[in-house]
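Open the model in your viewer and keep the selection panel at hand. The stops below go from a whole chain to an interface, then to a helix and a set of strands.

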Amino acid sequence: MNRIVFSLIATAAVATLSAAPLGKGKNRRQALETPTPVKPVAPKAPTMDLSSPWHVWSDPQGRKIEAAFCALGGSICTVQTRAGQTLRLNLDTLVPADGAFARAFAAKLNESRFQDAYVKQAAYQIDHLIGTTLVSKGLKFNVPVSDEQFVRRLYLDTVGRVPTAEEASSFLGNAAPDKRAKLIDSLLHSPGYTMHMYNWLADTFRVQDEFGKGARAYLFQDWLKDQLAADRPWDALVKDMLTADGKLCENGAAGFLLRDAQMPLDGVSNMLTTFLGANVACAQCHDHPLAHWTQRDFYEMAAFFGATDGYDQGAYGKARKLTNGKGAATGLDKRQVQQIAGVNVFRLLDTGKQELDFPKDYKYDDAKPGSPVTPRLISWASGDAKMPSYQVNSSNPQTLRDEFAKWMTNPENPRFATNIANRTWKKVFGLAVQEPVSDLDDLTKASNPQLLGHLTTIMKAAKFDLRQFQRVLFNSQTYQRAASLTPDLEKGPYLFPGPLLRRMTAEQTWDSVLVLASGREVDNALLRRGDEMQLFSLPGNEMTAANFKVVIERAKEAGMQMGGYGGGGKKGKGVNPQKLMAAYEGVKPQQRNGLLLARASELPQPAPESHFLRLFGQSDRLVADSNTTDGSVPQALMMMNGPIGQLISDSNSSAVVAANSAKGRDEQVDSLYLSFLARKPSITERAAATKSLEGGLALTDVAWTLLNSREFLFVQ
Amino acid sequence: MNTNILRDPQDRRTFVERCARAAFGLTILPFFAGAAAAEQRGAGFGKAKRIIMIHLDGGLSHIDSFDPKEGASKGPGSAVSTKAGFQLTSFLPETVKVADKITVIRSMAAKVGVHENARYLMRTGFEKRGTIVHPTIGAWGQHYLGASSKTLPSSVAVNHSSAHGNGFFPATYSPLPILDPDAGLANSKATVPDEKAAKRTQLLAQLDASFSKSVPDENVRAYNDFYDTTMQLMKSSDLAAFDINAEKAEVRDRYGRNKFGQGCLLARRLVEGGVRFVEVHSGGWDMHKELEDGMEDRGGEFDRAFAALVADLDARGLLDSTLVAVTTEFGRKPTFDGNGRGHHPLAFSTVLAGGGAKRGFVYGSSDEKGYKAKDNPVTPGDFHATIAWAAGMPIEKEVIAPSGRPFTVGNKGRAALGVFA
């Protein structure tokens, strides 16, 4: 099995650089105390050795670390050390030569990606397939989208926030004919892309700070972000998760399966739906009444995980005894023991024996109640089982998961590529080609089966690189059309004359508010809480008082936050900004009006119940894909009277500061419009706003008004 | 755009329509045509216009509260007779005084003895799963009966997060959480002087006009409605329902000056104002140890607030149309080790007061030890079906969740009709 061991951070002569200070302590990464911005210089390709990604990175103070280049997003460079640790370095704080190397290497990697010509052709084919269908129904494409709507929509769809006034006007003022394609490429390689994609997947994977029993899943979150930043292809990422071994505090990739360690059958059901669009939830308890899945099918699939144990019940009991009853004599703190025990007992282990049996009350005659289940792969069509991807060895319990993962992530699996293509399309266009995304059992039910087939082809051609796949979608004429109003699907399928008008997601709303309040630097404040979790790994996994004492001592020495970072939402507790602040790399987020101004992906997962994010529909991460964009009165109250309304209608908010620096009233109003809506006001709007400025309102009030406008909340 | 249109065998309405009209009280539009009341018959059906559900999180010991036992099971409290003819324990002196107004169910029977799962089961009537979340009674009520008020929400959670109370229904059916009863509804007051607020609102109307006109989208319209409702609410006297400071000091004292007591008082104000369903939570009932102290402290708070609530509702003439339900995760073991008791789901007690429930009545029983439910066992699903029945919901009717699975309120449980007068 793949086991990604993250070694603890070296304290040796080579000080590890990271994007920001993590705090003091022996076991912590040393970092730059006063980052000095360094202007990037153009790469000098001829003199640079680009034959290997390995590079020694250094800062102006002379500290160095050797690590391999993985990917570049804006000024955040993702690298991996020899010990296997992924780091994200802020190039602005390193010597110029490092920036040059990173950019040159990124350019070299780009050469192996989709060529512009392929993107054009694949995008053209999308437009063609949609156009043909529209014509056959007597329908037409929407009109082409304006530059103003395009730039706002594209920022939201790629980096998850609105453009700043400066970013918007720089695009709008650009006359180059290929400026849209250029912006697409640049935004797909920005740090905001990782954040935006993470939010999307965190909703699907039900990412939570805590998996129960006090077990913190921070390492999983860091791992997921690192994979996205480092351009890890979807198939490889999924395979890593399904084949991971080890503890929650040691292997980030294990987090996905450990999320359901206490309900393994539910976990299988979620997994099949998430990665294959198999609508199997009903079959867990009885034959599916409508689809063709039987309960036997479900159990035979689940048996691939029947030799995997995710939760060490016995060990947890032992740990509890250390502080309960007689155990009190150990003098150990109950909460600390629980925290440490949690991340050790959540661990993926192959037991060597497939232990799943049919339920005792199994009521069909195709299997005996309570009898052992033989693993078997499901198929959608009669010929499926003969495909090469189905040739798996299910006789060795030790490798059942690996075999399953091999089948599932195979490009020729009947649903794997289609599923992620369909889901990604939905993210970009607001609706999937086949709805719901959780049910791809019958592909002829797609609104446009040829289109879904073509998207599957592009996904395979992109080798599951979701950036490249989305690059094609964004470059299509279909995406670059005006948005459609919410269609009535009862009347028939939506055929994509353009993307759909959408309310911003909770995360897009919050992240946009942040940029308006504190500027685009928020993209560089990265939360990283997983590294120190590794200190919690108990030697030999033995639940003894002595071992716990060793771990507690180790954690104390490292200056670790034993109590966690607050938040998590379970009891509605707020974020504890002081505690959390230590865990940010790169730029430290600002704190204003009692709010921690870090992007949604860089806050507790999910945000606490009373947080703006939750109010606007961030999922509580109990059920997959349950973010919502429904309105509510408390939302309006928050925007009008709450801390967010006050944050934006403040003379210190970035949008107001930018507007204040403009000369005349008209220009000031224009600046605010660009900040909030990425467009200039119409003549009547400008007149109304300037008139209100003469009538006793200030720019801060106009900012309040634009924040509360429906146009702000919707993506056109 | 949400494409998961909730399917209902009879009423098919799109999500947005549902959301815009029924959420947080815009239009009172029942989805259960004809509100059922006229059609259905039977004891207690539809009597409860309002529901207050009290959750004692952690597992109330039935033997030390509503189901006193003698012999080996007996706990630190003594049995006390009430004028209703049944006995309670000495930990509930105030409840003893209102015993003639309540129905005690002593035959609750469940199988789940793990906190989180049991809490979920008692809050929804369904066993917890990783693939779906089930609604609370409040959300079911909004589905079948429509929004309960023009300005106020239909469901509120007091001392508790909304915790996905909408289940598989639209998020707008989620209860509005009030984490601090003293503070009431967050952000309900404008932060700038009235004159400025009016100018801002006026400018907002002007600047938003062209977008709203040129984009006649139903989601945008729904947001327009939310803003209108919000502005109405901010001006409305209904907002006072959230403000317990408006109560006289002696009333606040009567409920007890603690989070639970004040939460019960807030619940009364809210249901009076038009909220249909309020859940009030009290924590700290997991009495493995120091049960006697726990029953005195936590039990005392509960006793005082619950009795005050029942008496107050009755004095206001609201008890017959307001159902107060008391529930907990599970009971506690008959074996008392001199200090505390372990988890015990096989038998425990719940209470129903008002809303058509009999006054001064005991429904069902546990065996001599308090180990197992004996007569008329009531499962968590039955308990929910009973409450739904009292509220006038069609308990046999199936709703198809967005995942395509059928569900009924109370998970096909049977209403315990014997509790109704």
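The tour follows, one selection at a time.

This is a predicted model, in which local features need pLDDT of at least 70 and side-chain atom pairs count only at pLDDT 80 or more, while totals for chains, interfaces and linings use all residues. Residues are numbered from 1 along each chain as its sequence is written, and chains are lettered from A and ligands numbered from 1 in the order in which they are written.

**Chain B**

Select chain B, which holds 10 helices and 14 strands; helices (H or I, at least four residues) and strands (E, at least two) are DSSP runs, numbered from the N terminus. The radius of gyration of chain B is 22 Å, close to the 22 Å that the globule rule gives for 421 residues, so chain B is as compact as a globular protein of that length. That radius is taken over C-alpha atoms, and the rule is 2.2 Å times the number of residues to the power 0.38. Along the principal axes, the C-alpha atoms of chain B fill a box of roughly 75 × 50 × 40 Å.

Colour by burial next: 58% of the 421 residues of chain B count as buried (20 or more other C-beta atoms within 10 Å of the residue's own, with C-beta atoms placed from the backbone).

**The side of chain A that touches chain B**

Select the contact, with 61 residues from chain A and 56 residues from chain B; two residues are in contact if their C-beta atoms, placed from the backbone, lie within 7 Å. Elements of chain A that each supply at least two residues include helix H10 (264–276), strand S8 (502–503) and helix H22 (633–641). H22(A) gives the largest share of this side, 8 residues.

**Helix H5 of chain A**

Move to residues 179–188 of chain A, helix H5, and show its buried residues: A:Arg180, A:Leu183, A:Ile184 and A:Leu187. They cover an arc of only 105° around the axis, which puts them on the same side of H5(A); the arc is that of the directions from the helix axis to the C-beta atoms.

**Strand S7 of chain A**

Finish with strand S7 (residues 346–350) of chain A, which pairs in the antiparallel sense with strand S5 (residues 246–247) of chain A over 2 bridges; pairing requires that DSSP finds at least two bridges between the strands. Here A:Lys247 stands opposite A:Arg347. Strand S6 (residues 308–311) of chain A also runs antiparallel to S7(A), joined by 3 bridges, and A:Thr308 has A:Asp350 as its bridge partner.

Conventions. A residue is buried if 20 or more other C-beta atoms lie within 10 Å of its own, exposed if 12 or fewer, and partly exposed in between; C-beta atoms are placed from the backbone.
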